[in-house]
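Dear colleague,

Here is the structure we spoke about. My notes on it follow below.

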Amino acid sequence: MDADIIIIGAGVAGMTAGIYAARAGKSVLIIEGKVAGGQIVESLKVGNWPGEIMISGEDLSKKIYAQVEKLGVKVFYEVVEDILNDKNGDFEYVIKTDETEYRCNALILATGTEPRRLSEKQMAMVGKRPVSYCATCDGALYKNKPVVVVGSGNTAKYEVSYLENIASKVYNIHHDEPIPVDAEAVFVAIGRVPATDYLKGFVDLDTDGYIVAGEDCHTSQPGVFAAGDCRTKSVRQLVTAAADGAVAATEAVRYLG
Ligand SMILES: Cc1cc2nc3c(=O)[nH]c(=O)nc-3n(C[C@H](O)[C@H](O)[C@H](O)COP(=O)(O)OP(=O)(O)OC[C@H]3O[C@@H](n4cnc5c(N)ncnc54)[C@H](O)[C@@H]3O)c2cc1C
């Protein structure tokens with residue numbers, strides 16, 4: 001499948017980029033590895049999205065997705081594994097997914113962040129017990145059962161208070177502490193890391209793995225732009241992700257001429 005512009009990631013940044021690219025008259029498609037909406041889908045309350053006094057992340061995602069769909073932008077549910085320069089073809093870039101290949105002349109990277117995983121040492125202690133990164137999604141499975149939350153930040157505190165209404169006992173430990181023997185499930189809340197492993201040196205990353213790109217969203221590769229939480233920036237929020245989507249798509253359209 002080919003398009004003028006391909007967007008990787010259907011979070012708020014990627015979907016906003018899709019809206020801007022489609023409205024500018026370019027052929028555009030989005031490749032999404034999990035669920036349209038990205039990380040905000042799991043959030044029950046969003047109170048700082050202009051125009052909505054309070055909305056759930058899921059409902060906000062559905063509204064943006066409806067706009068994307070109405071503009072005719074197709075979302076393909078596949079995981080991007082590699083990107084190559086298309087040296088022999090009519091296109092500049094080849095995007096390899098777990099199912100097929102796509103080609104385009106401009107590319108927007110909008111893959112956001114993902115939960116930080118437990119260390120190998122701690123995973124060995126977890127054994128065969130289920131590991132979840134979202135109490136809201138999976139907490140109900142452990143009604144009246146003992147569970148453990150790993151982490152000490154605000155997200156971990158929220159997960160603990162959420163699970164206290166469901167589980168028989170909620171342990172809360174730091175990331176380097178032993179997992180209690182009787183805990184039947186492990187909820188992990190130890191921060192987030194950029195989802196950029198698939199780039200493998202294709203564009204410059206900083207030491208933490210974020211794509212090096214300024215407010216114009218340009219990366220180290222011509223015709224490749226980064227939008228949202230996956231790029232180097234000081235504020236990672238919905239409005240800044242949306243703003244990046246608009247900028248990245250506008251710059252991609254300008255690049256294509
Ligand atoms: C619990 C929680 C609550 C929050 N609450 C708020 C709030 O109230 N207000 C606010 O402004 N912000 C909030 N934020 C922050 C906000 O959610 C993010 O800043 C914003 O969603 C980032 O959007 P994004 O599109 O850049 O990335 P993401 O939402 O992370 O989307 C990236 C997408 O790319 C996909 N992807 C990743 N790798 C690949 C791959 N290799 N192939 C294909 N697809 C891939 C992912 O599946 C994902 O759908 C919250 C975040 C969390 C975690």
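Predicted model: local features only at pLDDT ≥ 70, side-chain atom pairs only at ≥ 80, totals over all residues.

**Notes on the model**

Lys 169 lies over the face of Tyr 171, 5.0 Å from the centre of the ring.

The protein divides into domain 1 (2-115 + 192-256) and domain 2 (120-188). Taken over C-alpha atoms, the centres of domain 1 and domain 2 are 31 Å apart.

On aromatic pairs, the count is five. One of them is formed by Tyr 93 and Phe 202, edge-to-face, with 5.6 Å from centre to centre and 90 degrees between the planes. Tyr 93 belongs to strand S5 (residues 93-97), while Phe 202 is in the loop between strand S12 (192-194) and strand S13 (224-226), so the pair ties together parts that are 109 residues apart in sequence. Tyr 93 counts as buried, at 2% relative accessibility, and Phe 202 also counts as buried, at 9%.

Now the ligand. It is surrounded by 34 residues, and the closest are Glu 32, Gln 39, Asn 48, Asp 229 and Leu 238. Helix H1 (12-23), strand S2 (28-32) and helix H6 (238-256) each contribute at least two residues to the shell around the ligand. In the side chain of Gln 39, an N or O atom is 2.9 Å from a ligand oxygen atom. Backbone N or O atoms also lie by ligand oxygen atoms: at 2.8 Å for Asp 229 and at 2.9 Å for Leu 238. Of the 1,000 Å² of accessible area that the ligand has on its own, the protein covers 84%.

Regards

Conventions
Residues numbered from 1 in each chain as written. Heavy atoms only, no water. Phe/Tyr/Trp six-rings, centres within 6.5 Å; stacked < 30°, edge-to-face > 60°. Helix = DSSP H or I, 4+ residues; strand = E, 2+ residues; numbered from the N terminus. Buried < 20%, exposed > 50% of the residue type's maximum accessible area, 1.4 Å probe, protein only. Lys NZ or Arg CZ within 6 Å of the ring centre and 35° of its normal. Domains from an automatic or database assignment. Near = heavy atom within 4 Å. Polar contact = N/O pair within 3.5 Å; in protein donor to acceptor, adjacent residues only side chain to side chain. Areas by Shrake-Rupley, 256 points an atom, 1.4 Å probe, with all protein chains shown as cover.
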